Amino acid sequence: MKKVTIAKGDGIGPEIMEAVLRIIKSTNASIDFEEIEIGEKVYLSGNSSGISDASWDIIRKNKVLLKAPITTPQGGGYKSLNVTMRKALGLYANIRPCVALHPFVKTKFPTLDVVIVRENEEDLYAGIEHQQTDEVVQCLKLISRPGCEKIIRYAFEYAKNYGRKKVTCFSKDNIMKQTDGLFHKVFKEIAVEYPEIESNHMIIDIGTAYLADHPEKFDVIVTSNLYGDIISDVAAQIAGSVGLAGSVNIGNECAMFEAIHGSAPDIAGKNIANPSGLLQAAVSMLNHLGFVTEATKIQNAWLKTIEDGIHTADIYDETTSTKLVGTKEFAAAVIANLGEVPQQLKPVLSPKQSLIQLPKYERKKRLQKDLLGVDLFVHWDGYNADTLATILQKIEQENLKLVMITNRGVKVWPNGFDETFCTDHWRCRFQTQDGSPITSLTVVKLLTGAIDFGIDVIKTENLYQFDGVKAFSMGQGQ
C-alpha cells in the first residue's frame with residue numbers, strides 16, 4: 001500500500017480533486033490518501049507561507065503530493081507556496097507534456113506532441129534582488145553545474161524512458177556567456193552519453209518562435225527556470241488549452257503533481273470545471289509510484305472520453321463535441337471507459353520504467369583558481385565617465401589598474417560615446433596588467449582607497465580564472 005498526500009486547494013480545487021480520486025480508486029490501485037490543508041484558508045489564518053509545519057511533516061513522510069490549485073491572497077507578505085515547495089523539497093525537475101487532441105480539441109497544430117523539461121530551483125527564480133542606487137535594482141541569475149547536470153540528464157533519461165527521439169536545449173548563451181553558457185556546455189557534455197537520442201541547441205528567442213509556429217519540430221525541450229516557465233505555457237496553449245495540462249515536479253526524495261491552471265474561484269462549486277489537468281498530473285503520479293498499468297488504463301480511458309466528444313464547457317464545441325457535461329459527469333465517463341483505448345487518437349504505451357533515478361552528484365576536483373582583478377560597482381551621480389575614471393585612477397594599486405568602466409553593461413570608458421545614456425550605477429574594472437594573480441589583500445587596499453576618496457562602492461565581484469580560463473564577462477564594447 002502506497003501512501004500519497006493530497007491537498008484539495010482552493011476555488012475549483014476540491015471538486016476536481018474529488019473527480020480525480022474517484023477515477024483513481026476505480027482502478028483499485030493500492031493507494032492510501034492522506035489529506036492536508038494548504039492555501040488561502042491557511043494564509044488568512046495568519047500563516048504567511050500558506051502551509052503549517054504539520055503539513056510539511058506529512059508531505060516529507062509520504063514523499064508524494066497530489067495538489068489541486070491554490071489561491072495566494074493579493075497584497076504584501078504572502079509567499080508563493082508553489083515556488084516554496086519546489087525549492088524546499090528539492091524538486092529540481094518540472095515536466096510538462098503537451099499533446100494536441102486534434103480534431104476533438106481545437107488547435108492549429110494537430111501533430112503537436114512535445115514535453116518541456118524545466119529546471120525548477122535556481123536561475124532568476126532564486127529571487128535574490130537588491131536596490132543598489134537611486135536608479136538601479138539588480139536580480140541575480142544563479143546557474144550551478146549540479147543544477148544543470150541534474151535537469152539535463154533527467155531530460156535525456158525521460159526521452160529514453162518514454163521512447164522520445166530528440167532533446168533540444170534552449171538557452172541565451174550568445175548574450176549570457178557565463179550562466180547560459182554553462183547550461184549549454186553541460187548539455188553538450190551529457191548529450192554524448194546518449195548517442196541514440198538526437199540532440200540540438202537553439203537560442204531561446206528563435207526557439208520559442210519556432211515552438212509557436214512549428215511545434216512538430218520538437219520532441220523534448222530542456223531549459224532553465226524562467227525560459228521553461230514561459231515556453232511550457234506557450235506549448236500547452238497552442239496544444240489546445242492550458243486547462244488540459246498537468247505538471248510534474250520531481251526531486252531525489254519527494255515529488256509533487258499538480259495542474260498548471262489556477263483555482264478559478266469564479267466557477268467554483270458549479271460542477272463545470274474540467275478535471276483533466278489534475279488528472280494528467282495524477283497519471284504521471286501513478287507511473288512514478290509504479291502503478292504503470294493503472295496509469296496507462298486511465299490515460300487511454302481519458303483519451304477515449306475526449307474522442308467520444310464528451311466534453312466540459314471549456315473545450316465544448318458543437319462541431320466536434322457530442323455531449324456537454326460537468327465535472328462529475330466527465331469523471332463518470334472516464335470511469336466507464338476504463339479498459340477502452342482510443343481509435344483515432346494515439347493510444348498511450350507504458351514507459352520502460354516507472355521511476356527515473358539519477359546517479360548521485362559527485363563534486364569534481366577543484367580547479368586552479370586565480371584572482372586577476374575586481375569589479376567595483378559604484379553609486380555615482382555624475383554623467384561623465386572620464387571624470388569618474390580620473391577619481392578612480394587615484395586608488396590604483398601597484399599591479400592593479402583601472403581598465404574599463406561600464407554602465408548597464410555598455411563600455412563608457414575609455415573611448416565611450418556621448419550618446420550612451422548612463423544611470424547612477426557604474427561598474428569599474430580593476431585588473432592586473434600582466435595577467436598575474438593578486439591576493440585578496442590587494443582588493444582590501446583598493447577598497448580602503450575608495451573610502452579615503454569618498455567613492456561609494458555598493459558591491460564587488462572578484463575576477464577569477466579557472467585552470468587558466470577567464471571566468472567573467474567582458475562587457476559590451478570591450
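Buried means under 20% relative accessible area. I start my notes with that cut-off. The model I am looking at is predicted.

**Entry 1: the whole chain**

I looked up how much of the chain is buried. Of its 478 residues, 53% count as buried. Next I checked the overall extent. The C-alpha atoms fill a box of roughly 80 × 55 × 45 Å, taken along the principal axes. Then I noted the secondary structure. I found 13 helices and 20 strands.

Residues 24 or more positions apart account for 76% of them.

**Entry 2: domains**

Which residues belong to domain 1 and domain 2? The domain assignment gives 1–82 + 265–348 for domain 1. For domain 2 it gives 369–470. I then looked up the spacing. The centres of the two domains, taken over C-alpha atoms, are separated by 55 Å.

**Entry 3: Lys-25**

Lys-25 sits in helix α1, which covers residues 13–26. Is Lys-25 buried or exposed? Its relative accessibility is 52%, and exposed means over 50%, so Lys-25 counts as exposed.

I then compared Lys-25 with His-288. In sequence, the two are 263 residues apart. In space, they are 17 Å apart, C-alpha to C-alpha.

Two packed helices are described by the angle between their axes and the distance between the axes. I looked up both for my first pair.

Helix α7 runs over residues 204–213, and helix α8 over residues 225–239. Their axes come within 10 Å and cross at roughly 15°. Angles under 35 degrees count as roughly parallel, so α7 and α8 are roughly parallel to each other. The crossing of α7 past α8 is right-handed.

Which residues of α7 meet α8? They are Ile-204, Thr-208, Leu-211 and Ala-212. On the α8 side I listed Tyr-227, Ile-231, Val-234, Ala-235 and Ile-238. By class, this contact has eight nonpolar residues, one polar and no charged.

**Entry 4: α10 with α11**

From α10 I noted Ile-298, Ala-301, Trp-302, Thr-305 and Ile-306. They meet Phe-330, Ala-333 and Val-334 in α11. How many residues of each class are in this contact? I have seven nonpolar, one polar and no charged.

Technical notes:
Residues numbered from 1 in each chain as written. Predicted model: local features only at pLDDT ≥ 70, side-chain atom pairs only at ≥ 80, totals over all residues. Heavy atoms only, no water. Domains from an automatic or database assignment. Axes fitted to C-alpha atoms, helices over the stretch in contact; angles between N-to-C directions. Helix = DSSP H or I, 4+ residues; strand = E, 2+ residues; numbered from the N terminus. Parallel < 35°, antiparallel > 145°, perpendicular 65-115°, else oblique. Left-handed = near helix turned anticlockwise from the far one by under 90°. Contact = heavy atoms within 4.5 Å. Nonpolar A, V, L, I, M, F, W, Y, C, P; charged D, E, K, R; others polar. Buried < 20%, exposed > 50% of the residue type's maximum accessible area, 1.4 Å probe, protein only.
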